[in-house]
Amino acid sequence: MSVTHAPETADALLRQDPELAEILLGELDRQSTSLQLIAAENFCSPAVLAALGSPLANKYAEGYPGARHHGGCEMVDVAERIAVERAKALFGAAHANVQSHSGSSAVLAAYAALLRPGDTVLALGLPYGGHLTHGSPANFSGRWFDFVGYGVDAETGFIDHEQVRTLARTHRPKAIVCGSIAYPRHIDYAFFREVADEVGAYLIADAAHPIGLVAGGAAPSPVPYADVVCATTHKVLRGPRGGMILCGADLAERVDRAVFPFTQGGAQMHTIAAKAVAFGEAATPAFTAYAHQVVANARVLAAALAAEGLVITTGGTDTHLVTADPAPLGVDGRSARGRLAAAGMVLDCCALPHADVRGLRLGTAAVTTQGMGEAEMVKIAVLFAGVLRGEVDSQRAREEVRELVGGFPPYPA
Ligand SMILES: *Cc1c(COP(=O)(O)O)cnc(C)c1O
C-alpha cells in the first residue's frame, strides 16, 4: 500500500526518508485497524489525497484568480475557479471563498468581515457545545469580542429558543452565531434568521459539522438564511483539511478581503484543488446516499447505546453526531475514553449540558465511508458497553475491533 496514494512521491519518501515513511505507514495502519468514531473525522478519497500530494503545493498564489500578487498562476487560477463554481453549485450560494486554511480561520474571517473589536456576539455557550471560536477566553474570539452565550434546555438538551430570543433582545448583538461542535440535532435556521432580523444582527452559521450532510441533502441548509456560512471541508464533507465561506453577493467583497489580505497570506493551492475534487464527489448520487446512511447509522448507534444504558443527549440524533453520558455504566467520560482507546475505539470527550462530568462524543462519518451499516453500529454499541462495564477486557475487545474493521478497509489495496 502506498504512503500518499501518489506512487512516485510515496516511493521517493520511502527511499529518502524511511523514518518518516514508517510513521506515515504506521498512521495508515492505525486508521485501518482501529475504529474511527471521532465525529469530526473522515476518510477522504485517494483522489483528494492525490491532489493534496501534488506539485500545486509548490505554488505561491496570494490574491484571487485573475488578480494575484505572483506570476505563473495560470493553472492554479483555473483550479480555484473550479472549486468556487462547484461550491456555489453544490450549496446554491451566490458566493464562495475556498481559501480559508481551516474552520477556525473561516470563522475569524467571517467576524473580520462583519464586526469590529468590542462588538457583542450571541453564540451557543462553550459548556453547551460552542466552538473555541464562539467566545472562548483562550481564543481570539473571546479576547476581541463581547460574547454572550445561550444554552440548551436542561430537560431536553435542545437549544433553548426562548432564551436565544430573550438574550438577543437584551444584548442587541451585532451578530448571532448558530452552530456547534456537539449538538446532535438540526438547527432551526429560520428561527435564528427571524431573531437576527428582529434585533438587527447578522446571522453567522458555523456549519463546520453538518455541511457535508447539507451537501448530501440529509440536513437543512443554512445558506438561504444566514448572512455568512462558515464551514470545514474535512468533516462529513470528506474533503481535505480546510475551511470555506459561503455568502450572498452583497457580502462577497468584504468576505474575500477578510480572508486575504486581512487574516491570511498565500492560498494553499494543493488544498484548494483537493477541495474542488471533494466538491465534485459530493455532487454525486453516491454522496447523497452516503450522507443519508451517515444519519441512519448515527440513529441506530444512538438507539443501541441507549439500549445499553447510556444517556443520549436530546434522546437521539438528526445528524452524524451522538453525545452520550456513560455514568449509568459506572464510568465517567474521561476514563471511558481511555478504556475505549485501549480497545481500539477512538472517540472524544465532550461537555455535557448541565453536568460537571464529561460525556462522550461519537460520529458515524468515517465508519460509514468504510461501508459500515446499521448492523455494524449495533455491534459497535454492544462492544462499547461491554468494555465500559468491564465485561470485555481490552485485549479481547481490541481483537474484535480489528476483526470488524478488517472487513471494511478505508483504503482497499
Ligand atoms: C471543527 C469546527 C471548527 C474549526 O475547524 P478547524 O478546521 O479545526 O479549525 C469551527 N467551528 C465548529 C462548530 C467546528 O465544529
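This is a predicted model: local features need pLDDT of at least 70, side-chain atom pairs count only at pLDDT 80 or more; totals for chains, interfaces and linings use all residues.
Is F140 buried or exposed? At 17% relative accessibility, F140 counts as buried, since the cut-off for that class is under 20%. According to an unreviewed UniProt entry, residues 15–382 carry the feature "domain: Serine hydroxymethyltransferase-like". That span is 43% helix and 15% strand, and its end C-alpha atoms lie 44 Å apart.

**Aromatic contacts**

- Across the whole structure, a search finds eight aromatic pairs.
- One of these pairs joins Y111 and F140, whose ring centres are 6.1 Å apart with 55 degrees between the planes, a tilted arrangement.
- This pair links distant parts of the chain, as Y111 belongs to helix α5 (residues 103–114) and F140 to helix α6 (residues 140–144), 29 residues apart.
- Y111 has 1% relative accessibility and therefore counts as buried.
- F140 also pairs with W144: the ring centres are 5.8 Å apart and the planes stand at 55 degrees, so this pair is tilted.
- F140 and W144 are four residues apart in helix α6, which means that about one helical turn separates them.
- W144 is partly exposed, at 49% relative accessibility.
- Ring pairs join Y111, F140, W144, F145 and F147 into a cluster.
- In a contact between a charge and a ring, the charged end of R238 sits over the ring of Y290, 4.2 Å from the ring centre.

**Salt bridges**

- Side chains of opposite charge can pair when their charged atoms come close.
- The search of the whole structure finds 17 salt bridges.
- E194 is partly exposed at 42% relative accessibility, whereas R165 is buried with a relative accessible area of 15%.
- E198 and R169 form another salt bridge, at 2.6 Å from N to O.
- Helix α8 holds E198 and helix α7 holds R169, so this pair too ties together parts that are 29 residues apart in sequence.
- Both partners are partly exposed, E198 with a relative accessible area of 35% and R169 with one of 46%.
- D318 forms a salt bridge with R185, and the closest N and O atoms are 3.0 Å apart.
- D318 is in the loop between β11 and β12 and R185 is in the loop between β7 and α8, so the pair ties together parts that are 133 residues apart in sequence.
- D318 counts as buried at 14% relative accessibility, and R185 likewise counts as buried at 14%.
- Shared partners join the salt bridges of R165, R169, E194 and E198 into one network.

**Backbone geometry**

- Most residues other than glycine have a negative phi, and most peptide bonds are trans.
- The peptide bond from F260 to P261 is cis, with omega near 10 degrees.
- P261 is part of helix α10 (residues 252–263).
- R172 has a positive phi, near 45 degrees, although this residue is not glycine.
- The position of R172 is in the loop between α7 (161–171) and β7 (175–178), and its 49% relative accessibility places R172 in the partly exposed class.
- T314, also a residue other than glycine, has a positive phi near 65 degrees.
- T314 lies in the loop between β11 (311–312) and β12 (321–325) and is buried, with a relative accessible area of 11%.

- L20, I23 and L24 form a nonpolar patch on the surface, with about 250 Å² of accessible area together.
- L24 belongs to helix α2 (residues 18–33) and counts as partly exposed at 32% relative accessibility.
- L90 and V214 are 9.1 Å apart in space, C-alpha to C-alpha, while 124 residues apart in sequence.
- L90 is in helix α4 (residues 74–91) and counts as buried at 17% relative accessibility.

Key
Residues are numbered from 1 along each chain as its sequence is written. Side-chain values use heavy atoms; hydrogens and water are left out. Patches are made of residues with over 30% relative accessible area and no salt bridge: like charges are joined within 9 Å, nonpolar side chains (Val, Leu, Ile, Met, Phe, Trp, Tyr) within 5 Å. Accessible areas come from the Shrake-Rupley method with a 1.4 Å probe; for residues, only the protein chains shown count as cover. A salt bridge is a side-chain nitrogen of Lys or Arg within 4 Å of a carboxyl oxygen of Asp or Glu. Helices (H or I, at least four residues) and strands (E, at least two) are DSSP runs, numbered from the N terminus. Buried means under 20% relative accessible area, exposed over 50%, partly exposed in between (1.4 Å probe, protein chains only). Rings of Phe, Tyr and Trp (its six-membered ring) pair if their centres lie within 6.5 Å; planes under 30 degrees apart count as stacked, over 60 as edge-to-face and the rest as tilted. A charge sits over a ring if NZ of Lys or CZ of Arg is within 6 Å of the ring centre and within 35 degrees of the ring normal. UniProt positions are given in the numbering used here, feature names are shortened, and annotations may be inferred rather than shown by experiment.
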